[in-house]
Structure formats: structure tokens, C-alpha cells
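Here's a quick tour of a protein chain, meant to be read with the picture open beside you. Take a look, then work through the points below.

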Amino acid sequence: MKSPLLFSLRNPGIIVVSTAVLFSCTSSPLGRRQLMVMPDSKMNEMGVQSFEEMKKATPIETNPEINAYVKCVALPITREAGDATGVSSWEIVVFKDKTANAFALPGGKIGVHTGMLPVAKTPGQLAAVLGHEVGHVIAKHGNERVSEGMITQGLASVAAISVKDPKYQSLVMAGLGIGAQYGIALPHSRTQESEADLIGLDLMARSGFDPRESVGLWQNMSAASGGNAPPQFLSTHPSNETRISALQSHIPEALTKYEAAQKAGKAPHCVKPAGL
Ligand SMILES: [Zn+2]
């Protein structure tokens with residue numbers, strides 16, 4: 001939609017009204033109302049730009065078996081995700097990084113660290129990770145967080161914001177949840193985490209991955225943290241029994257979708273390379 005906000009920046013009184021209008025007409029895939037002031041196109045631009053910078057800064061895994069495996073799991077998830085943010089094709093890159101982390105960005109970008117593969121032990125568990133991350137994107141959680149930051153900073157210039165402008169870079173990186181390596185990561189809110197869990201569960205089931213594997217993933221993540229030094233993924237994705245029991249309560253519904261997907265011939269056969 002065209003934002004009335006862009007025409008009312010000179011009058012703070014109108015900004016409040018406009019924000020309320022936007023607030024009332026936007027909702028997440030699970031029906032939660034969201035406050036978002038950034039156009040999808042701008043978020044996609046930021047995601048693409050940030051991803052390009054990460055590709056320059058982090059070594060990329062070129063092993064064809066590893067790449068084929070990760071794409072085998074990721075592509076069915078992205079197909080089910082649809083193009084809610086105006087993106088119909090996704091780029092999937094495996095980064096050589098020992099931390100157990102994965103992320104997805106607006107603009108159709110997915111990054112998986114090699115360190116995630118020993119923790120997400122099966123294709124289904126990796127599908128749970130990627131479903132969760134893609135869930136953050138299609139629910140536009142980055143837009144929510146950047147919008148909150150913009151509003152906190154007085155809505156300086158939503159229209160003019162550029163990811164290349166250093167003034168906004170930290171806000172954007174933090175809002176997209178990819179600032180950990182720059183020391184500026186913002187944790188997702190509990191609401192966003194729960195939402196991404198349930199969207200991820202739905203995506204993996206509809207893709208033909210057994211949704212029960214999601215529980216094993218979070219248990220592995222918790223075990224991998226071993227107490228002192230939690231994996232990077234966990235540091236922004238708090239794992240707890242509440243999360244696992246919330247997933248478990250939605251598994252019967254997800255199993256119905258999983259069975260329907262299998263009947264429709266959706267049964268990804270992804271082979272994890274030996275030694276990972
Ligand atoms: Zn998350």
C-alpha cells in the first residue's frame with residue numbers, strides 16, 4: 001500500500017494518526033496485528049544488499065555435496081513459503097563458519113553456516129531450522145523491528161533510508177537480525193519467535209518433512225549449547241521447554257498437512273553428506 005506517512009513527516013500529529021492507520025491494516029500470517037512503516041521493496045533491497053556484504057566478508061562453502069544437500073532441504077520450504085514479500089526465487093548460500101547458525105533475509109536470501117549441519121542432524125531438523133528462519137521473513141519480522149527502530153528515532157526519513165548510508169546501517173543490520181558478527185544483533189521478541197516456530201512447523205509439514213523432527217532440533221540445539229557458550233543461533237533464539245511444548249501442541253495439526261503433502265507426492269529425499 002502507499003504510505004500516507006510519506007506525506008506527513010512535517011507534522012508529528014499526523015504521523016501518530018498515520019501510524020495508527022498502518023497498524024490497523026497490517027497483520028502477520030497468524031493474524032497478529034503488526035506495526036510496519038517500511039515498504040516491502042525497501043526491506044527486500046536491504047536484505048539483498050546485506051547478503052551481498054556478507055558474501056564478501058565470509059568464506060563460502062563450495063563443496064557440491066554440501067550445497068546440494070542444503071538446497072535439497074531449503075527449496076521445498078521456499079516453494080511453500082510463496083511470495084508474500086514479492087519474492088518468488090531464493091538464493092541459498094552455505095557459509096564456512098563453525099558457529100551453529102542460519103538466517104533468512106527479505107529479498108529471498110538464505111544463509112546456512114556449516115556449523116549448523118552437525119547440530120541439525122537430519123534433513124527434517126534442517127528443514128525445521130530453515131522453516132523457522134523463512135517464517136521470520138514471510139511474517140515480516142525484520143520490517144517490524146526496523147520500523148520500531150525508525151519510530152524510536154523519530155521516523156527521520158523512511159522514504160529516503162538507504163542501506164548504504166552508514167547512519168542507518170546498524171539499525172538495518174540489527175533489525176534484520178544479522179548483526180551478531182558486528183555486535184549489534186537484536187534478539188527477536190518472544191512473540192516473533194513463537195510465530196516463526198509455528199510458521200516453520202507449517203512450512204516443513206507442507207513441504208513433506210515430518211514436523212515431529214522440529215522437537216528433536218530444538219533439543220539438539222539446547223544440548224549443543226552445553227551450558228557456558230550457547231551457539232550463536234540460540235543466543236538470538238532462546239530455546240526452552242515452553243517453546244518445545246508449544247510445538248508439540250501443534251504437531252497433530254501439522255501431521256495432517258504432512259500426510260496430505262506426502263499424498264501429493266511431496267517427499268524430499270535429501271542425503272546428508274557423510275562426515276557432517
Ligand atoms: Zn527466530
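Predicted model: local features only at pLDDT ≥ 70, side-chain atom pairs only at ≥ 80, totals over all residues.

pLDDT is the predictor's confidence in each residue, on a scale from 0 to 100. Over residues 1-25 the pLDDT stays under 50, while the chain as a whole averages 80.

- Across the chain, 72% of the residues have a pLDDT of at least 70.
- Back at residues 1-25, the model has 28 contacts beyond four places in sequence.
- Residues 180-185 also keep a pLDDT under 50, and there the model has eleven contacts beyond four places in sequence.

**The overall layout**

- Count up the pieces and you get ten helices and three strands.
- Following the sequence, the order reads α-α-α-β-β-β-α-α-α-α-α-α-α.
- The chain has 276 residues, and 52% of them are buried.
- Take the contacts between residues at least 6 apart in sequence: 71% of these join residues at least 24 apart.

**The nonpolar core**

- As a bit of background, nonpolar side chains in soluble globular proteins tend to be buried together.
- In this chain, the largest nonpolar core has 46 residues.
- Which residues have the most contacts inside that core? They are Val 70, Val 73, Ile 110, Met 116, Leu 126, Leu 130 and Val 134.
- Several elements each supply at least two residues of this core: helix H3 (64-81), strands S1 (91-95), S2 (102-105) and S3 (109-113), and helices H4 (123-138), H7 (190-207), H8 and H10.
- H4 gives the largest share, with eight residues.

**How the helices pack**

- *H8 and H10.* Helix H8 (residues 213-225) and helix H10 (residues 241-263) have axes that come within 9 Å and cross at roughly 170°. Angles over 145 degrees count as roughly antiparallel, so H8 is roughly antiparallel to H10.
- On the H8 side, the contact uses Ser 214, Val 215, Trp 218 and Gln 219; on the H10 side, it uses Arg 243, Ile 244, Leu 247, Gln 248 and Ile 251. Sorted by class, the H8 and H10 contact has five nonpolar, three polar and one charged residues.
- *H3 and H7.* These two pack at an angle of about 110°, with their axes 9 Å apart. The range from 65 to 115 degrees counts as roughly perpendicular, so that is the label for H3 and H7.
- H3 brings Pro 76, Ile 77, Glu 80 and Ala 81 to this contact, and H7 brings Leu 203, Met 204, Arg 206 and Ser 207. By class, the contact of H3 with H7 has five nonpolar, one polar and two charged residues.
- *H4 and H8.* Are H4 and H8 roughly parallel or roughly perpendicular? Their angle is about 85°, with the axes 8 Å apart, so H4 and H8 are roughly perpendicular to each other.
- Gly 124, Gln 125, Ala 128, Val 129 and His 132 of H4 meet Glu 213, Ser 214, Gly 216, Leu 217, Trp 218 and Asn 220 of H8. The contact of H4 with H8 has four nonpolar, six polar and one charged residues.

**Residues to find in the picture**

- *His 132* sits in helix H4 and is buried, with a relative accessible area of 1%. His 132 and Ile 199 are 67 residues apart in sequence, yet their C-alpha atoms are 6.7 Å apart in space.
- *Phe 103* belongs to strand S2 and is buried too, at a relative accessible area of 6%. Its C-alpha is separated by 5.6 Å from that of Glu 133, 30 residues apart along the chain.
- *Pro 118* is in the loop between S3 and H4. Buried, partly exposed or exposed: which one is Pro 118? Its relative accessibility is 39%, so Pro 118 counts as partly exposed.
- Setting aside neighbours within four places in sequence, Pro 118 is in contact with Lys 272 and Leu 276. The C-alpha atoms of Pro 118 and Asn 220 are separated by 9.6 Å, with the two residues 102 apart along the chain.
- *Lys 140* lies in the loop between H4 and helix H5 (141-152). Most residues other than glycine have a negative phi. Lys 140 isn't a glycine, but has a positive phi of about 60°.

Note on methods:
Residues numbered from 1 in each chain as written. Heavy atoms only, no water. Contact = heavy atoms within 4.5 Å. Axes fitted to C-alpha atoms, helices over the stretch in contact; angles between N-to-C directions. Helix = DSSP H or I, 4+ residues; strand = E, 2+ residues; numbered from the N terminus. Parallel < 35°, antiparallel > 145°, perpendicular 65-115°, else oblique. Nonpolar A, V, L, I, M, F, W, Y, C, P; charged D, E, K, R; others polar. Core = buried A, V, L, I, M, F, W, Y, C linked by side-chain atoms within 4.5 Å. Buried < 20%, exposed > 50% of the residue type's maximum accessible area, 1.4 Å probe, protein only.
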